[in-house]
Amino acid sequence: MRRVALASLVFLIAALLTLPLFGVIIGSLGESDGTWSHLTETVLSEYVINTLALLLMVGVLTGSIGTVSAWLVTSIQFPGRKVVEWLLVLPIASPAYIASYVYTDLMDYAGPVQSALRGLMGWGADDYWFPAIRTLPGAGLVLSFVLYPYVYLLARSAFLNQSQTRFAAARSLGASPLRAFWSVALPAARAAILGGIALTLMETAADFGVADYFGVPTFSTGIYRAWYGMGDPVSALRLSGLLLVIMAILVMAERRFRPAQANNDIARDTVLRRMKPSRPLQWLAAFACIMPILIGFAFPVARLIYLAAGDIARNGMPQFVSFATNSVTMSVIAAGLTLALSLFLAYAQRGRTRNQKTGPMSAATRLATLGYALPGTLLAVGLLLPMTTIDKSISRWMLDQFGWAPGLFLTGTVVTLIYAYVIRFLTVSYNTVEPAVSSIPRAMDEAARTLGSRLSRIVFEVHLPGLKPALYSAGLLVFIDTMRELPATLLLRPANFETLATQVYRLASDERLAEASVAALILIAIGILPVMLITRANLKS
């Protein structure tokens with residue numbers, strides 16, 4: 001009886017968390033008002049080409065930056081290596097759309113870079129050529145220098161845990177460090193690197209802020225415009241369905257290349273000894289690692305500080321307290337709910353035998369944790385129709401039964417917004433918590449039961465102390481992701497409800513970057529502490 005109730009709860013959770021998928025599939029079968037034909041004839045091919053080109057560019061760049069920087073900090077001793085090893089993770093604390101606003105301000109015709117160039121050289125507007133930042137390559141560069149830490153963290157872990165004997169053997173046979181890296185170290189870390197690249201591609205496909213601000217037509221921007229600009233939900237849902245296909249491919253790729261506990265068949269078998277090349281090569285390695293930090297984090301933050309200082313001097317900043325409160329409150333609630341659901345699903349899986357772990361209940365768990373593959377725009381559009389239908393049905397029933405219609409009390413409220421956050425980020429929490437839960441020895445449970453302990457006491461007094469690091473990391477990851485989530489918040493937030501992310505987007509879209517810089521800095525500052533705490537746990541070696 002207990003197993004039936006447990007399975008029923010898992011299936012119910014899976015149904016609730018996959019509601020956007022059904023919303024997209026069912027809603028896309030409706031009748032369009034002619035907008036879909038217009039889109040297919042004019043811009044659909046552009047959406048496909050731009051999205052795939054952006055994915056290709058970001059995949060190549062993040063793979064290169066993340067892998068090279070990870071290899072340098074793990075294999076070469078250079079000045080400041082320990083500090084750089086930490087700082088390389090910082091760009092992930094800065095949302096990509098904030099970096100896009102800053103680099104547009106820096107690189108545009110009226111920005112400080114071109115103005116200084118004209119002043120230095122005495123050029124006029126027609127005397128020189130300067131690359132445009134608001135282009136597809138510009139969007140790819142910005143996304144790459146913000147997202148490369150996904151590859152860096154996984155590649156670094158793989159390089160640290162692979163066999164040092166193999167690399168030493170290749171060197172003893174006369175292979176140069178570069179050749180030994182290419183023929184020995186890189187193939188052993190390939191799965192981890194490809195897994196990291198798959199994560200960056202999922203983030204890229206889900207991106208809305210950078211593509212929208214740079215004017216690059218992609219599926220995410222197309223969904224938003226079809227819904228709000230053209231007023232055609234069916235077209236938005238059909239675009240969402242096409243984006244869903246791309247995300248499904250990326251999810252399968254990420255799971256295929258997700259690194260296992262051991263990175264190869266020979267674990268790290270000797271103490272890691274970093275190479276110490278000539279002084280010029282050491283400084284070159286330091287420069288190669290510092291540049292991603294400067295481009296992805298230091299330059300944008302320095303510019304924001306400069307702009308924010310002037311704006312605070314003129315206007316003060318008390319109005320941003322409420323936006324920060326909204327962001328932190330939503331993030332804490334989302335983190336708490338995802339942790340609770342992750343623990344429940346992880347324990348439901350732990351209680352099953354090895355043969356049962358491929359059955360319907362496991363499939364339901366996998367469906368429930370697909371949310372990270374759903375971009376914010378797709379998630380919001382997929383939720384709006386079913387939530388509106390539920391609202392109307394409840395309102396109609398209340399009117400028939402009690403003569404009173406409450407109106408729409410789910411759609412356009414924080415309830416739906418938090419619901420979207422939980423769907424989107426449960427994957428992040430579950431993937432962190434489930435391995436920790438499954439690793440708890442069953443002998444520990446049996447020992448506690450022989451002493452007369454109930455299951456609840458075993459969980460709270462025996463399991464949870466050991467699960468604290470995983471719960472800590474999972475909660476912080478969800479908190480960070482929720483703080484910077486933009487498209488779902490834009491589409492689902494209640495009227496007059498602003499978060500730091502939506503405020504930054506609104507002000508930057510109006511070309512009021514100086515005002516947006518204050519909210520952007522607060523958003524980055526709140527995100528830095530969780531990032532550094534997670535980094536401290538991941539970079540211990």
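In this predicted model, helix α6 (residues 96-107) and helix α7 (residues 112-121) have axes that come within 4 Å and cross at roughly 15°. Because angles under 35 degrees count as roughly parallel, α6 and α7 are roughly parallel to each other. On the α6 side, the meeting residues are Asp105, Leu106 and Met107, and their counterparts in α7 are Pro112, Val113 and Gln114. By class, this contact of α6 with α7 comprises 4 nonpolar, 1 polar and 1 charged residues.

**Nonpolar core**

The largest nonpolar core contains 158 residues, of which Tyr97, Phe159 and Leu239 touch the most other members. Helix α19 (residues 414-438) supplies the largest share of this core, with 14 residues. Apart from residues up to four places away in sequence, tyrosine 97 touches Gly209, Val210, Leu486, Ala501, Val504 and Leu523, together with Arg484.

**Alanine 286**

Helix α15 (residues 279-315) includes alanine 286. The relative accessible area of alanine 286 is 1%, and this residue is therefore buried, the cut-off for that class being under 20%. When neighbours within four places in sequence are left aside, the contacts of alanine 286 are with Phe78 and Pro79. The C-alpha atoms of alanine 286 and phenylalanine 78 are 6.3 Å apart in space, although the two residues are 208 residues apart in sequence.

**The chain as a whole**

The secondary structure of the protein chain consists of 24 helices and 0 strands. The following table lists percentages for the chain.

| Quantity for the protein chain | Value |
|---|---|
| Share of the 541 residues that count as buried | 51% |
| Share of contacts with a separation of 6 or more that join residues 24 or more positions apart | 82% |
| Share of residues with pLDDT of at least 70 | 84% |

**Confidence**

The average pLDDT of the protein chain is 80. Over residues 261-271, however, pLDDT stays under 50, and the model has 25 contacts beyond four places in sequence for this stretch. Where pLDDT is low, the predicted coordinates should not be read in detail.

How values were computed: Residues are numbered from 1 along each chain as its sequence is written. This is a predicted model: local features need pLDDT of at least 70, side-chain atom pairs count only at pLDDT 80 or more; totals for chains, interfaces and linings use all residues. Side-chain values use heavy atoms; hydrogens and water are left out. Axes are lines fitted to C-alpha atoms, for helices over the stretch in contact, and angles run from 0 to 180 degrees between N-to-C directions. Helices (H or I, at least four residues) and strands (E, at least two) are DSSP runs, numbered from the N terminus. Angles under 35 degrees count as roughly parallel, over 145 as roughly antiparallel, 65 to 115 as roughly perpendicular and the rest as oblique. Contact means heavy atoms within 4.5 Å. Ala, Val, Leu, Ile, Met, Phe, Trp, Tyr, Cys and Pro count as nonpolar, Asp, Glu, Lys and Arg as charged, and the others, Gly among them, as polar. A nonpolar core is a set of buried Ala, Val, Leu, Ile, Met, Phe, Trp, Tyr and Cys residues joined through side-chain atoms within 4.5 Å. Buried means under 20% relative accessible area, exposed over 50%, partly exposed in between (1.4 Å probe, protein chains only). pLDDT is the predictor's confidence in each residue, from 0 to 100.
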